[in-house]
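Hello,

Here is the structure I promised to pass on. Please have a look at it, then read my notes below.

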2 protein chains.
Amino acid sequence: MDDCIFCQIGQTQADTHLYSDERCFVIRDIAPSAPTHLLVIPRQHVTSLQAADPAQEVLLSHLITIAEQMARQEQVHQSGYRLVINQGRDAGQGVDHLHLHVLGGKQLPPLG
Amino acid sequence: MDDCIFCQIGQTQADTHLYSDERCFVIRDIAPSAPTHLLVIPRQHVTSLQAADPAQEVLLSHLITIAEQMARQEQVHQSGYRLVINQGRDAGQGVDHLHLHVLGGKQLPPLG
C-alpha cells in the first residue's frame, strides 16, 4: 500500500530494522511507551485480525516467535515484557496495518 | 499442575467457561480492567513463551483465533479491542500459566 507508513518503512528504511526476514521486520516505536518498545510488523499489508484464516494464523505465530526472540535480544526476557496487539479505535490502533508491540524495561502499567 | 488456579478452573469450573475446546478455554477476568475482559487460557500448563517451539506456535495461533472470535461474540469487534500477553514481573503477570487477555468496551489507556 503506497500510503501506508509501515509498508513504506518495510520497503525503504532497512537501516531502521532491528530484525528482518521475508515475512516481517522489527523497528523501535518512534514514540516509545517503555525503555524497550518494539514493533513487529508483517510485510504483508494486513489491516486486521481475521479468525479462521490459516495463512494469518501462521503469520501471527511467526510474529510472536520473533517478538520473543527480540525480548531476549533486548535483555527484558528475565525482567518481563508485554506483547500487545491493538485492534481498532478503542484500542488506540495508530497505524492501520497489523503490528505487535513488545514492551519492557520498566514496571508496566495496569491493563485497564 | 495441582496448585495452578488456571489448571483447576480448566478442570473443574466448566460453568464459568464462555468457550471451551480441547486446547483452551475462555473465562471472564475476576477483576476486570474493562467492560469486556476475557482470558483465553491453554489447557496445557505452559508457563512462558518459548521461541522456536513449533507446538507452542500452533497453540498461540489458536489462542489468538479464539480471542478474535470472542471479540466478535462480545460485540467489541467494531469498536476495537486489545490482545495482551503479560510475561513475567515487569508485565505484572498474575498467574504463572500462559494466558491471553482480550480487553474492550471502552477507550483503553495508552500502552506505557
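Gln75(B) follows helix α2(B), and its phi is positive, near 60°. The model is predicted, so please read that angle, like the rest, as computed.

Next, the chain as a whole. Chain A has 2 helices and 5 strands. Along the sequence they come in the order α-β-β-β-α-β-β. Of the 112 residues in chain A, 54% are buried. Take the contacts in chain A between residues at least 6 apart in sequence: 53% of them join residues at least 24 apart.

Now helix α1(A), residues 5-12. Which of its residues are buried? They are Phe6(A), Cys7(A), Ile9(A) and Gly10(A). Seen down the helix axis, these fall within an arc of 165°, so they line one face of α1(A). They pack against β2 (24-28) and β3 (36-42) of chain A. Gln11(A) and Thr12(A), on the other side of the helix, are exposed.

On to the cores. In soluble globular proteins, nonpolar side chains tend to be buried together. Here the largest nonpolar core has 42 residues. Val40(A), Leu83(A), Val40(B) and Leu83(B) touch the most other members. Beyond its neighbours within four places in sequence, Val40(B) is in contact with a set of residues that includes Phe25(B), Leu63(B), Ile66(B), His99(B) and Val102(B). A second, separate core has 12 residues, among them Val84(A), Ala91(A), Leu111(A) and Ala34(B).

Last, the two chains together. What rotation superposes chain B on chain A? One of 180°, with 0.0 Å of shift along its axis and an RMSD of 0.0 Å. That is the relation of a two-fold axis. Val84(B) comes closest to this axis among the residues of chain B, with its C-alpha at 2.3 Å. Of the interface residues of chain B, 97% are also interface residues in chain A. The copies therefore meet through the same surface.

Best wishes

Technical notes. Residues numbered from 1 in each chain as written. Chains lettered and ligands numbered in written order. Predicted model: local features only at pLDDT ≥ 70, side-chain atom pairs only at ≥ 80, totals over all residues. Heavy atoms only, no water. Least-squares fit on C-alpha atoms with pLDDT ≥ 70 in both. Contact = heavy atoms within 4.5 Å. Helix = DSSP H or I, 4+ residues; strand = E, 2+ residues; numbered from the N terminus. Buried < 20%, exposed > 50% of the residue type's maximum accessible area, 1.4 Å probe, protein only. Arc of directions from axis to C-beta. Core = buried A, V, L, I, M, F, W, Y, C linked by side-chain atoms within 4.5 Å.
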